[in-house]
Amino acid sequence: MDALVVLIPLLPLLAAAIIGIGHLSGLLTGEGSENTTADIAVWAITLSCLHTLILLGADILAKNTGAFSVGQWLVSDSLIIRLNFITTGFNAKLAALFSILLVIVSRFSVNYMHRETGFHRFYFVLCLFASAILLLVLAGNAVVTFIGWEIAGVCSFLLIAYAYDRPVAIANATRVFVTNRIGDAGFITGIGLCYVWIDTVNWGKVNASASILTPGQASGIALCFAIAAFAKSAQLPFTPWLARAMEGPTPSSAVFYGAVMIHAGGFLVIQLQPIFEQAPFPMLLLAVTGFATALYSTFVGLTQTDVKSSLVFATTGQLGLMFLECGLGFWQLASWHLCAHAVVRGYLFLTSPSMMYVTQDNPIKPVPPFISQMRWAYVASLQRLWLDQITDWALVKPILRLAQDMYYFDDYIVDRFMGAPAPAIQAISSLAQQEEKSFGTDLENDSNEFAKGTGLAGKLTEWTSAIVHWFEERWMVQSVSKTSHGTARKLAIAANQVERLIFRPRYLVLFVFITLMVAF
Amino acid sequence: MGILSILLWTPAVGALLLVLIPGQRSGIIQIIANLVTTLVFILACWLAALYDHHDAGLQFSEYFPLNPVLGSAYALGVDGISMPMLVLASFLTSISLLASVSISSSVKGYYICMLLLEFGMLGVFLAQDWALFYIFWEVTLIPLFFLIGRWGGKRKHTASLNFVLYTMGGSIFMLLSLLAISQYDLEHAGSLMTSMHLAAKDMPRYEQILVFLGFLIGFGVKMPIFPLHGWLPLAHVEAPSPVSILLSGILLKMGAYGLIRSVAMLPEAALTLQSLLVFLALFSMLYGGLLAWRQNDLKAMVAYSSVSHMGIVLLGIATLNETGLMGAVIQMTAHGLVAGALFLLVGLLYERTHTRNVQDYSSLVQVMPRFALFMTITLLATMGLPGSIGFIAELHTIIGGFQQWGWLWLFFCLSFLINAAYAIRTIGLLFTGPVKPHMQHIPDLSRYELLAAGSMSAGIVFFGFWPTALIDLSASTIAQLNSLIMLRGL
């Protein structure tokens, strides 16, 4: 039964490839082929879901060996990265749950996305995401998990920027992606530390060797993965990205930020339970951050007036509680909490468009009077505790200023030395110049106008290439033409003349005579 | 008749079949030619699937004595170096036939020439007898002469004449070298590669060097190595673009392939001339790169970049260690795919606009998004971006060379920088910039073109992410070759 696990991420990936290629080649475009695209996607994800269920059943019946390896992907000295999967335990259960949720969302989207301009694009990304998240959950080593982790991140970026003609959507998508990159840095460092200290990247071996690690080493590894988890699951101080991510279409919000992807951080921490248990400080950090996020989300959530925003803060609050549970050592509770929350939040997000309709006669309860008296708290909550602004002030602005300084350095020092890339705008600056180009010059001319460099290195390249060009033209191209058309022709003419002389009758007769004389 | 013979003779039989069909039925001719090349490609893939990559020696060998007096034989076989080349040759021929739809004059002759060309190319990679190798080497010349001279561009006659004269000149040196070796081959009395390799051992050292120089000239013309590349820019620019695909994709590899074979035959001479090889390789890389940077003609740019990239192959060979040789073999496949894709795309663009001057283009991404996708992937692979097959090849060559020499690698990096400069500049000029009215009505890639360009790009990216398939195919043969060099050279 273990081998089935390969098909689980592969089927949605194939569906994504088919939709992608179909869309690229113009076979799947417009409203007419919406059904085809949706069928491909829904069937692929459903089949993949069936496989996860079979896998789960086999696991419950104890038919799985626990691991399955497809083969080696990369071998370099002692670093061996296999394409391997975990087929038992929490991974199998979570994969089954996530795939069911994915099926529901993909089916839901058929009607919801009907006649949207990017229908095919949406399903392409959804399939790719399904493949990535199932790979993430089932992967047997850190690198393959990271591949899933990254593809899921890119899919999230693509769906937040779904309406890419709107600048706000683009800005939010970029912000979310960049915030997540901080977590990715933690993830990569974690993989590196695992390899350095334990000499393996396999989750099973990493967890098995937790006991031989010193607390310092365990803390190092745990800390790196904790940062990755915080970023992905929108814990403090990364929480604000989640609110920005609501830019995408609702089904994507449901599947990414309600049901599935947002839980990847929690999953990662639960997966590394043995390592975390060796590391007291990261455990404390988990608890503190989780608790702080829960408090923060509750506080900010009180003043949210639209459905999606309040759902966002409810989500981060619940995730904070999960991290708190992990930090306190209630791993079993945290994993149950994660599964239950995925179901509930997925449902809430999917129903959020009709929420106002459903709650028409059931107004939201006002906050208790002792809180409603605190005006400063109201402002603070509305401003989301100025977390975005603080990040801007503490990180974005200094980096921007640094970038400006670098730009200056680049402009005045590096460019003078290396040369500036010519902007495409300057390629043709006026219509007249363009006319001149299209009528006046012939294509065979020396490309002196074209190959221009600036700066020291650019000029150096320009001059060298000019010399080389001269050499090439003079000795390589022309000399050959000259030989084949000059000298050779002269030779040929001479040979022709000799031949003509020889074949004149008198010489021929003479020739015959000489031959006869020699013969006798 | 073994599978190799079937593979080899299928295009020839296809060409014969085309002879029987009247020239007016161009549709049928196209279909048959495409079917034949597809069949050859499938056969080659099947062969690759059957091929046992743990076995370093020759596989599927076939032997039939042709001339017992001279000892020449019809001997075929594949090993880890020729296997990827076979698949590449059959793949690129299929692609170039897909791209030949626009050929409208004397279709019959064109397709016969293309099939004969494929026959010759496959023969070169399959032959295990130097006499047979030489015959096939010359067989490729004839169809190419007609293909360039008949269906080429403005200066097609000069181009085809130059090409043939250069290659013939080079092959005279190759023939002389072969004759020189066969002098020592009295007891074996044959021109089989294996027996010639044994014979070469008995030669005095200076003769070995002379013979190797002969091979270097013969194969260097084809490859091309710096002072012998005079035919290349003209032939590549003037040839119709499907022929350019084959010319840069396979014909250049024939030179590199022959050079690897002659290094295996004369390792001592290769070690003696190692510094010359390295110098020529680095010089070719920089020379080709600089000239490519200077060209505003897209096809000329790709042609000169070929000189630069084949310099990497020569450099890999010149390292004479396992990693470097592996780099050379991968770079042969990489360059076949990348240069083939570039010529294909540039040719398709030229068909639509009838200008090859890169400065005439601007903002194409708006009208030709599919073209832009594939062109960008290919140009990024040209500069060896990680995730493309070019990276794998260049990385192997760098590592192989770094084991051998340290500081020389500065030049290597310089040539990468130049490659990146013109690749990025081309992307910028083609796809960004102000919108030009006369570039607003260019049709995007059609379905066949999409298939051709898509499968090339897929190959580039696939082997970039999963190079093991390619490395495993050649690894054992290269390890054996390397041990041979170590054994004989030291």
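Which residues does Trp197(A) touch, not counting residues up to four places away in sequence? Keep in mind that this is a predicted model. The answer is Leu213(A) and Gln217(A).

Trp197(A) sits in helix H6 of chain A, which covers residues 167-198. Is Trp197(A) buried, exposed or partly exposed? It counts as partly exposed, because it has 18 C-beta neighbours inside 10 Å, and a buried residue would need 20 or more.

Now, confidence in chain A. The average pLDDT is 86, and 92% of the residues score at least 70. Helix H4, residues 119-138, has the highest confidence in the chain, at 94. Helix H20, residues 431-440, has the lowest, at a mean of 57. Over residues 441-447 of chain A, the pLDDT is below 50, and this stretch has five contacts in the model beyond near neighbours in sequence. Where pLDDT is low, the predicted coordinates should not be read in detail.

Next, chain B, and one helix there. H16(B) runs over residues 369-382, which makes 14 residues. From first C-alpha to last it reaches 20 Å, close to the 20 Å expected at 1.5 Å a residue. Its buried residues include Phe371(B), Phe374(B), Met375(B) and Leu380(B). What do the buried residues of H16(B) pack against? Their partners are helices H14, H15, H17, H18 and H19 of chain B. Just after H16(B) comes Gly384(B), with a positive phi of about 75°.

Definitions and conventions. Residues are numbered from 1 along each chain as its sequence is written. Chains are lettered from A and ligands numbered from 1 in the order in which they are written. This is a predicted model: local features need pLDDT of at least 70, side-chain atom pairs count only at pLDDT 80 or more; totals for chains, interfaces and linings use all residues. Helices (H or I, at least four residues) and strands (E, at least two) are DSSP runs, numbered from the N terminus. The expected span of a helix is 1.5 Å times one less than its number of residues. A residue is buried if 20 or more other C-beta atoms lie within 10 Å of its own, exposed if 12 or fewer, and partly exposed in between; C-beta atoms are placed from the backbone. Two residues are in contact if their C-beta atoms, placed from the backbone, lie within 7 Å. pLDDT is the predictor's confidence in each residue, from 0 to 100.
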